Amino acid sequence: MWDGEAAGAALPVVLEGFGITLLATVLGFAVAAVLGLAPAVVERAGPRWVAVPLRGAAGFVRSTPLLVQLFAAWVLVPALDALALGVLVLGVHYATYLSEVYRTGIDAVPRGQWEACTALSLPRRRVWRAVVLPQAVRNVLPPLGNYAVSLFKETPLLSVITVHEMVHEANVFGSTHFAYLESFTLAGAVFLLASWPTSLLVRRLEARLAH
């Protein structure tokens, strides 16, 4: 049965954990956004001997569960702070998906743009920096937003390496106060209130860019 007093006591604890959840989401996605771009560019502009191993490594990461990757990293790098380790693992895991998104955006740049750059004899670095990447990133903003929401919803997995994110804090409160219903309901409500409006914004952005 719902206990209003327990819910009131749980709310500050859950919100404190939400701060860690939000931090892990922002930093993890920033890592993913940067690391994910490199394989996409290398596959289109780099040598094959670099592109092939990168593609194989990305496939390996995508084929293994995030939970297993977190446990493995925790065992192999015990000296690293748990939150920093979690952010790094989240970033690398999602970078493998974002690389495919970036690659799609690069392929969507009209062929005429490439031909115009060749006709103008623009340096290769400038072509990528000033022409290709700005258009590619604009093309893939909605999918990037969707992956950001997905990463946010997977942050509870960080609790297995002792990161005190929101679900971890809800679980601790529930076990010490015998109020699992209140603490987990509040955690779920916070997830919903944070992710649902973001998903709607991504949908609106996708509709706007489609026109």
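**Cavity and surface patch**

Reply: The largest cavity has a volume of about 60 Å³. Keep in mind that this is a predicted model.

Me: How many cavities of 30 Å³ or more are there?

Reply: The count comes to one.

Me: OK. Which residues line the largest cavity?

Reply: Its lining is made of Pro-39, Glu-43, Ala-51, Leu-54, Arg-55, Ala-58, Arg-62, Ser-99, Glu-100 and Arg-103.

Me: Which elements give two or more residues to that lining?

Reply: Three helices do: α1 (4-45), α2 (48-62) and α4 (82-107).

Me: And which one gives the most?

Reply: That's α2. It puts five residues into the lining of the largest cavity.

Me: Which elements give two or more residues to the patch?

Reply: Those are α3 (66-76) and α4.

Me: Let's take one residue from it. Where is Val-92 found?

Reply: Val-92 is in helix α4.

Me: Why does Val-92 count as partly exposed?

Reply: Because its relative accessibility is 35%. Partly exposed lies between the buried cut-off, under 20%, and the exposed one, over 50%.

Me: So where does α4 turn up?

Reply: Helix α4 gives residues to the lining of the largest cavity. Helix α4 also gives two or more residues to the nonpolar patch.

Key: Residues numbered from 1 in each chain as written. Predicted model: local features only at pLDDT ≥ 70, side-chain atom pairs only at ≥ 80, totals over all residues. Heavy atoms only, no water. 1 Å grid on protein atoms, 1.4 Å probe; cavity = no way out; pocket = protein on both sides within 12 Å on 5 of 7 lines; lining within 4 Å. Points joined across faces, edges and corners; volume = space filled by probe spheres on them. Helix = DSSP H or I, 4+ residues; strand = E, 2+ residues; numbered from the N terminus. Buried < 20%, exposed > 50% of the residue type's maximum accessible area, 1.4 Å probe, protein only.
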